[in-house]
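Reader: I'd like to learn how to read aromatic pairs and a sheet in a model. Could you walk me through it?

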Amino acid sequence: MATAPHMELRNVGKRFGGVQAVADLSLSIDRGTIHALVGENGAGKSTVGKMIAGVHRPDAGELLLDGRVVRYHAPRDALADGVTIIAQELALVPQRSVLENVFLRSGRASHLTARDKRQRYAELQEEAGFEVPADVRVASLRVADQQKVEILKALARDAQLIVMDEPTAVLNSAETERLFHAVRALRDRGTSIVFVSHFLEDVLSLVDTVTILRDGKHIRTGPAAQESPETLVTGMLGRTFDTSFPEKVPVAQDAPVVAAVRGLCAAGFVKDISFDVRAGEIVGLAGLVGSGRSEVARAIFGADKRDAGDVEVAGEAVDIASPRDGVRAGIALLPEDRKGQGLLMQRSILDNITLPHLDRVSAGGVVSPVREQKAVDDLISRIGIRASSPAAKVNTLSGGNQQKVLFAKWLFGRPSLLITDEPTRGVDVGAKRAIYELIHSLAAEGVGVLVISSELEEVLGLAHRVLVLREGRLVAEFDQSQMSEESVMRAIFAADAGDGEGLAS
Ligand SMILES: Nc1ncnc2c1ncn2[C@@H]1O[C@H](COP(=O)(O)OP(=O)(O)OP(=O)(O)O)[C@@H](O)[C@H]1O
Ligand SMILES: [Mg+2]
């Protein structure tokens with residue numbers, strides 16, 4: 001492995017308004033290595049990547065490429081030096097072909113004849129160690145293959161240093177493995193890679209060197225072989241991390257039922273589901289993917305049509321035919337698929353949180369800015385959204401903080417019943433614990449919570465009571481004294497429902 005510094009950052013800083021995104025960072029990316037950047041949401045990883053690639057200009061310090069000071073004013077300046085970034089949001093033109101995308105604005109290569117382009121495309125595939133059909137439209141490719149097109153595009157521009165910002169966030173494990181194979185092949189040909197990811201185990205299996213950032217500051221850089229997921233987490237958070245769950249607060253004996261579901265049928269296969277959620281109670285919904293968990297959630301909220309059945313909220317029958325009805329009835333659903341779940345990227349945090357609930361902050365139809373501001377400030381600090389101010393546009397937030405805004409948006413409506421589907425997917429470990437605490441404190445305030453999670457540990461760690469779905473039916477129920485990993489697993493997998501109060505016929 002070559003070890004000459006390819007890119008060096010010396011005392012680099014970057015500030016956005018009141019936020020010091022990166023401070024006095026010195027770092028060396030060696031040629032022909034894969035170098036990971038890890039850190040909590042908002043630690044500054046993407047900002048570092050964007051400075052390297054000319055998207056942002058540092059406001060302190062300097063960048064050196066092969067020992068020479070460089071000043072990039074735009075991505076194309078970095079590209080001229082063979083430096084580029086593959087941002088988390090793919091930047092391809094979906095309606096055009098793979099070939100067209102790869103050579104789009106690629107400098108000299110965009111002027112090649114059609115024949116030469118095909119020739120060059122073949123070479124690029126060879127270089128990358130993978131193939132993508134040249135003539136299909138990008139829109140028709142799987143995300144993993146789109147990711148490969150981005151890599152080919154980077155190579156077509158003669159990139160020697162490629163920043164990849166969370167390239168695996170949308171990939172499944174087989175796709176991730178294929179991508180890693182390609183990345184290693186590039187490294188072995190002398191390309192340097194800066195790799196940003198929250199999947200710490202993946203990071204350690206792929207990269208040569210790891211840099212930990214915290215609050216925009218450099219914590220340490222060292223060989224991946226000397227780190228473990230635990231040491232990385234400790235470095236990222238600045239403390240050892242308590243992976244336990246917050247202590248469960250018992251539900252009051254006389255707690256009223258906040259939501260009653262009766263005979264719910266939905267999505268053509270969810271049949272006859274009935275259960276109650278009481279104020280302060282956290283109910284877990286367990287089951288395999290496809291068992292009907294998300295369908296139950298969506299039908300209760302009004303996101304999908306109910307085939308039959310009733311929902312009562314706070315003792316009153318409610319007629320829920322749309323999410324709007326659900327919100328009005330006091331139900332919030334934080335859905336599984338949070339990308340494209342309606343964050344208005346160009347608008348402020350404040351707007352995103354309050355727009356769906358304007359009736360709540362307005363007195364007599366007039367929005368009260370003071371009340372709105374106060375309620376939003378409370379939420380922002382409770383959820384730990386890191387931003388310069390509530391007026392900050394959502395597109396200036398780090399990825400993880402955007403997710404927290406989504407959470408805030410739903411909580412702002414003060415729901416009686418909060419349904420969270422995979423509440424911690426894609427957030428860093430610190431935020432995970434913060435979300436657990438948030439769920440607990442909402443319950444303590446009398447909200448009923450329905451938690452869906454594929455991580456059984458999460459369901460058991462949070463819930464007072466666990467319901468198990470299998471093939472669209474409620475097959476078992478476990479209270480605190482009965483729930484164990486084994487008993488719930490058995491119910492999930494249809495092996496005899498164990499000690500649980502078997503509901504199956
Ligand atoms: N264009 C921008 N305008 C204003 N503030 C910004 C901008 N880009 C980033 N920031 C702020 O800089 C800080 C660092 O953000 P950055 O995106 O680098 O974090 P990150 O480590 O990539 O986080 P994540 O894991 O959530 O993606 C955050 O507080 C963020 O809100
Ligand atoms: Mg980021």
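Author: Let's take the ring pairs, then a sheet. Keep in mind that this is a predicted model.

Reader: How do I describe a pair of aromatic rings?

Author: You give the distance of the centres and the angle of the planes. Here, a search of the whole structure turns up three aromatic pairs. In one of them, phenylalanine 245 and tyrosine 436 have ring centres 4.7 Å apart and planes at 35°, so that pair is tilted. It ties together distant parts of the chain, 191 residues apart: phenylalanine 245 sits in the loop between helix H8 and strand S11, and tyrosine 436 in helix H15. Tyrosine 436 is buried, at 5% relative accessible area.

Reader: Why do the rings of phenylalanine 301 and tryptophan 410 count as edge-to-face?

Author: Their planes are at 85°, and over 60 degrees counts as edge-to-face. The centres are 5.6 Å apart. Phenylalanine 301 belongs to helix H9 and tryptophan 410 to helix H14, 109 residues apart.

Reader: Is phenylalanine 301 buried or exposed, and what about tryptophan 410?

Author: Phenylalanine 301 is buried, with a relative accessible area of 4%. Tryptophan 410 is buried too, with 16%.

Reader: Now the sheet. What is the order of the four strands?

Author: The order is S2-S1-S4-S5, in an open sheet with antiparallel pairing. S2 and S5 stand at the edges with a single partner strand each, so one side of each lacks a neighbour in the sheet. From one strand to the next, the twist averages 25°.

Reader: How many bridges join S1 and S4?

Author: Five, in the antiparallel sense. Methionine 7, for instance, has leucine 65 in S4 as its bridge partner. Helix H1 packs on this sheet, touching S1, S2 and S4, and its direction makes about 120° with that of S1.

Terms used:
Residues are numbered from 1 along each chain as its sequence is written. Chains are lettered from A and ligands numbered from 1 in the order in which they are written. This is a predicted model: local features need pLDDT of at least 70, side-chain atom pairs count only at pLDDT 80 or more; totals for chains, interfaces and linings use all residues. Side-chain values use heavy atoms; hydrogens and water are left out. Rings of Phe, Tyr and Trp (its six-membered ring) pair if their centres lie within 6.5 Å; planes under 30 degrees apart count as stacked, over 60 as edge-to-face and the rest as tilted. Helices (H or I, at least four residues) and strands (E, at least two) are DSSP runs, numbered from the N terminus. Buried means under 20% relative accessible area, exposed over 50%, partly exposed in between (1.4 Å probe, protein chains only). Two strands pair if DSSP finds at least two bridges between them. Axes are lines fitted to C-alpha atoms, for helices over the stretch in contact, and angles run from 0 to 180 degrees between N-to-C directions. Contact means heavy atoms within 4.5 Å.
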